[in-house]
Amino acid sequence: MRPMMMILALSALASAAQADPADDIARLGWMAGSWIHEQDGVVTRETWLAPLGGVMAGAAQTNAPGKRPFVSHYKITPEPAGATLTAYLPGQPPTPFVLVPGKDGEAVFENKAHDFPQRVVFRRCDDGLCARTEGVIGGRLQSEAWRYRRAP
């Protein structure tokens with residue numbers, strides 16, 4: 001094979017190996033829906049809109065007895081770094097987490113520079129949605145997990 005042909009062939013293979021962030025987002029359709037998690041009197045609801053035009057949007061609300069409701073918003077968008085989950089939490093600047101390669105039915109978003117969490121994980125759990133935040137605090141792995149069922 002001629003050198004120029006070899007370069008073109010390798011370039012085509014490299015381009016095919018790089019996933020389009022919008023395609024990665026389209027594969028997250030299994031997250032779409034309204035979800036609820038109840039434990040010890042605390043109710044957490046999370047809603048994700050189905051991918052549309054390479055973008056997803058989400059919102060969450062946690063109600064705990066005697067506490068003010070906590071509301072957060074999210075978007076998953078195609079960015080130069082890849083499919084990116086940006087979290088909008090009260091009193092904090094927007095925080096981006098980039099999707100890392102993984103298996104079907106699981107989405108792991110990572111931001112190693114963030115204090116906590118450094119990872120946000122979603123995965124299919126039978127007919128539910130499991131979510132987990134995790135990261136290192138003081139040299140120890142910490143996490144918080146939710147197992148959602150479809151909201152009525």
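Which strands each supply at least two residues of the lining of the second largest pocket? Working from a predicted model, I found that β5 (82–88), β6 (95–100) and β7 (106–110) each do so. I noted that this pocket holds about 360 Å³ of space and that 18 residues line it, with Asp24, Arg27, Leu99, Val100 and Gly102 lying nearest its centre. Sorting the lining by class, I get nine nonpolar, three polar and six charged residues.

I then turned to the largest pocket, where about 720 Å³ of space lies. Its lining has 31 residues, and Phe70, Tyr74, Thr133, Glu144 and Trp146 are the ones nearest the centre. By class, I wrote down 17 nonpolar, ten polar and four charged residues for this lining.

Next entry: the core. I looked up the largest nonpolar core and found 23 residues in it, those with the most contacts inside it being Leu28, Met31, Trp48, Ile76, Leu85, Phe109 and Phe122. Among the elements that give two or more residues to this core are β3 (56–63), β4 (70–79) and β8 (119–125), while the largest share, three residues, comes from β5. I keep in mind that in soluble globular proteins nonpolar side chains tend to be buried together. Taking Phe109 by itself, and leaving out residues up to four places away in sequence, I see that Phe109 touches residues that include Leu28, Ile76, Leu85, Phe97 and Phe122, as well as Gln118 and Arg119.

Last entry: charged pairs. A search of the whole structure gave me six salt bridges. In one of them, Glu38 pairs with Arg149, and the closest N and O atoms are 2.4 Å apart. Because Glu38 lies in strand β1 (residues 33–39) and Arg149 in strand β10, this pair ties together parts that are 111 residues apart in sequence. I checked accessibility as well: Glu38 is partly exposed at 48%, and Arg149 is partly exposed at 42%.

I also followed Glu134, which forms a salt bridge with Arg119 at 2.7 Å between the closest N and O atoms; Glu134 sits in strand β9 and Arg119 in strand β8, 15 residues apart. Both Glu134 and Arg119 are buried. Glu134 forms a salt bridge with Arg132 too, with the closest N and O atoms 2.6 Å apart, and Arg132 is partly exposed, with a relative accessible area of 31%. Through shared partners, I could trace one network of salt bridges that joins Glu110, Arg119, Arg132 and Glu134.

Key: Residues are numbered from 1 along each chain as its sequence is written. This is a predicted model: local features need pLDDT of at least 70, side-chain atom pairs count only at pLDDT 80 or more; totals for chains, interfaces and linings use all residues. Side-chain values use heavy atoms; hydrogens and water are left out. On a 1 Å grid over the protein atoms alone, a cavity is a set of points where a 1.4 Å probe fits but cannot get out, and a pocket is an open set with protein on both sides within 12 Å along at least five of seven lines; lining residues have an atom within 4 Å of a point. Grid points are joined across faces, edges and corners, and a volume is the space filled by probe spheres set on the points. Ala, Val, Leu, Ile, Met, Phe, Trp, Tyr, Cys and Pro count as nonpolar, Asp, Glu, Lys and Arg as charged, and the others, Gly among them, as polar. Helices (H or I, at least four residues) and strands (E, at least two) are DSSP runs, numbered from the N terminus. A nonpolar core is a set of buried Ala, Val, Leu, Ile, Met, Phe, Trp, Tyr and Cys residues joined through side-chain atoms within 4.5 Å. Buried means under 20% relative accessible area, exposed over 50%, partly exposed in between (1.4 Å probe, protein chains only). Contact means heavy atoms within 4.5 Å. A salt bridge is a side-chain nitrogen of Lys or Arg within 4 Å of a carboxyl oxygen of Asp or Glu.
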